[in-house]
Amino acid sequence: MTSSAGGRPSSGRGDLPARRGRSARRDLIFAAVRDAGRISRADLERRTGMARMTVNGLVTELLEAGLLAEEAAAPDGTRSGRPARSLTLGPQAGGVAGAVVETDGVRVALADLSGTIHAEHHHRVDTADPAATIEALASLISRCRSETSGRLWSVVIGIPAPISGGVIQAGSALTAWTGTALAAELQTRLGHRVTVRNDADLCLLSEVRHGVAAGHQDVCYLRFGSGIGCGVLLGGTVHQGAGGMAGEIGHVQMDEAGALCRCGNRGCLETIAAPRELITSLEQTYGEPLTATRIVDLAHGDATASRVLADAGRMIGRVVAHLANTLNPSLFVLDGPLITPDGPLHTGVRESLQRYAQPEVAEHTSVQVSALSGRAALLGAVVAAARATPAARGGRALTAASAGRAVPTMPPARPAEPSPPLPERAARRRMITEMLRERGATARSDLVKLTRLPRAAVGELLDDLRRDGAVELCPPTEARSGRPSPHFRLVTPDRLLIGLAMHAGGVRALVADHAGRVQHADFRPVPLTHDTSELFRVAAELARSLEDSYGRPGADAAVAVSVPAPVHPVTGHFGARGVLPMFSGFSAAEKIAAVLGRPVRIDNNAQLAALAEARRGFDREVRDLLYLRADQYTGAGIVAGGRMHRGAIGYAGEVGHLNVREIGPLCVCGSRGCLSAFLTPASFRALLDHRPDNGPPDEDRLLTLAAGGNRLAQRALLDAGRLIGRTVAPLVDVLNPAMVVVGGRFIEGGPHVVDGIREAFQRHCSPSATAALTVAPSALGADAEPLGAIESLR
């Protein structure tokens, strides 16, 4: 007979769930103290929802283990009587280590579990030599292990190179590192799991936690160091791409005939605006060695240095404007030795943003300079290490015992993660619900494997979702040996789902049951004019008619609408300065809801099409997908990490208004040379003017000619695809999607536009972005938008 952590007898396997439950609760207590820094037992009760007796028992165990400490609180005048004692982290709580590989060596910081750095070590080494650098990292991490009392729970290392599958990929300034599995090398030396991440992603984490990005949910962080890297935050979650290669902004092609880049392409942004290129250029001009600090000083009064930096800023700003129009972040953060607030490079970026981004996007997008003094990567490594920390116990942690000191131990159990901050917690809830939506009834143990979250964290999230009525326990779907893990499924209201899609020809509708199975399709023709009141009236009446015909008495239908314009993700309004005047400054959802008498969901058409293609279009769920609408109404939709990305103000995916040529045809948005302006029927006039009926050129004739074998029409569609692909290539470099799906009317003329897009990606994207990229025509066709509306309701 054995004893549990609380001293009660255990008779074996039957008590295992109870022991696991107690371990999870103890982990939550520890995590709550860590997150709060200092907290009373009464506040612990309120924060965790546990009974006083339970909290007291768990706190006693943690105090005895040295993981927590308790001290008298000073009176603060907020309450009468004797002040409550405060709980803090104890002497055996241990710590974490964050490390970065820099140009002049490696730097390692030792921090406690709250992320406060207590020691920092730097070792100069030639980082072009992987063996010497790995040896230096192992030495400094071992030193941190010896300096911490308790356990070294987690180690995270940042390196300025793309990483996929734990292996450093080609294309970085550290050319000798290509193919190196840095984490595996260090794990072999240290006997402990080490995580290696791209330094731009870590910098982004530190900016969100400590810097100018605090409070933002959609951020692009641009790091100008040995190369040019980008960290991308979408909806509060760091986006790493399908292959872990997101953020390769340095290899966005700016000049097809430019200098050869180490990625194999010519004219990449790095060959033009990376610090080393600018420094080399200025050294040739001045005839002397220069440092970044010296160049910044020169730029204050020297016209040549100022012009070189300003031109680089404007070039970078072209890419920033591209990302502003397509990802629609609320903030860009610039960081690097040549960048100063309101300096020439910073100013140049802002000038290009104002010139090339959509007016409403530019108005709501901020460009700021990092204030973390070059420490963003190290601070981000510490943040990531703290987030990966097991709460109160842990697997194979590095312990002080390995250095000869005894450490109080507790019964082994699966590590549990501290309760994450609110945005991260919301993202994890979405992850759980997405998994359940995709798979149906799923065992908790399978959710742990699929999400890669600790068992206790998954259990806590499922408990929250059950309390909210979002999920429920259900019978197992298959027989398994051993004690069955509890199964969960989404609670799906038994209601009718109606998806409406508005477009130039009218309103298309699909009706589905609560499981998303389509039961009926309908269409109402309505010409699109500058007065959209008729369009919205018809849509509302169609929805009400379908509800009356297919709904059940007493059961409300849920309605979602796809519209050809950006929609603000919070207010549901069209922008006051929208792309199309007829879809500006009002809420379509309110107009339709006024007729139906219930709330209506509304989203952009390309974004909903992307959601439908990702969930229904292929034989598997695609979690990172870019949808391109190829026709005169060009647009894009983004699914990142399984979630539809709308952008800070709903403008994500507006690729039709990316600038192709500054002196180009006038676009409906008021700018010149937009992509959409090159894809209208008028742009094919030379091919389509000779009609038997002498009518105006139109899209239908182009597609009929192409489908009938007309080589000129087919070439026109192929070139249209090349133009779309060339224009959208930077977005593919930064997002690293697994699949690009091409929809829109142009695919009706055959495979030519898809072939052109695929060809352009191979030519203009970085090799890492296209290595595992699939480009395919839409599987859902015209139904993609209303199906996306239905999916948005599930």
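Reader: Are R629 and D631 buried or exposed?

Author: Both R629 and D631 are buried. Bear in mind that this is a predicted model. The label buried is for residues under 20% relative accessible area.

Reader: What makes R629 and D631 a salt bridge?

Author: Their side chains meet at 3.1 Å, N to O. The cut-off is a side-chain nitrogen of Lys or Arg within 4 Å of a carboxyl oxygen of Asp or Glu, so R629 and D631 qualify. As background, side chains of opposite charge can pair when their charged atoms come close.

Reader: How many salt bridges does a search of the whole structure find?

Author: It finds 44 salt bridges.

Reader: How do you know that R726 and E256 meet in a salt bridge?

Author: Their N to O distance is 3.9 Å, and the limit is within 4 Å, so the pair counts.

Reader: Why is R726 called partly exposed?

Author: R726 has 23% relative accessibility. Buried would need under 20% and exposed over 50%, so R726 falls in between. E256 gets the label partly exposed too, with a relative accessible area of 38%.

Reader: What about R107 and E120, which side chains meet there and how?

Author: The side chains of R107 and E120 form a salt bridge at 3.4 Å, N to O. R107 sits in strand β7 and E120 in strand β8, 13 residues apart. R107 has a relative accessible area of 22%, which makes it partly exposed, and E120, at 30%, is partly exposed as well.

Reader: Which residues do salt bridges that share partners join into one network?

Author: That network holds E102, R107, E120 and R375.

Reader: Now the helices: why is α21 called roughly perpendicular to α22?

Author: The axes of α21 (residues 699-707) and α22 (residues 711-735) cross at roughly 115°. The range for roughly perpendicular is 65 to 115 degrees, so that name applies to α21 and α22. Their axes come within 7 Å, and the crossing is left-handed.

Reader: Which residues meet where α21 contacts α22?

Author: From α21 there are L702, L703, L705 and A706, and they meet A713, Q714, A716 and L717 in α22. By class, this contact has seven nonpolar residues, one polar and no charged ones.

Definitions and conventions
Residues numbered from 1 in each chain as written. Predicted model: local features only at pLDDT ≥ 70, side-chain atom pairs only at ≥ 80, totals over all residues. Heavy atoms only, no water. Axes fitted to C-alpha atoms, helices over the stretch in contact; angles between N-to-C directions. Helix = DSSP H or I, 4+ residues; strand = E, 2+ residues; numbered from the N terminus. Parallel < 35°, antiparallel > 145°, perpendicular 65-115°, else oblique. Left-handed = near helix turned anticlockwise from the far one by under 90°. Contact = heavy atoms within 4.5 Å. Nonpolar A, V, L, I, M, F, W, Y, C, P; charged D, E, K, R; others polar. Buried < 20%, exposed > 50% of the residue type's maximum accessible area, 1.4 Å probe, protein only.
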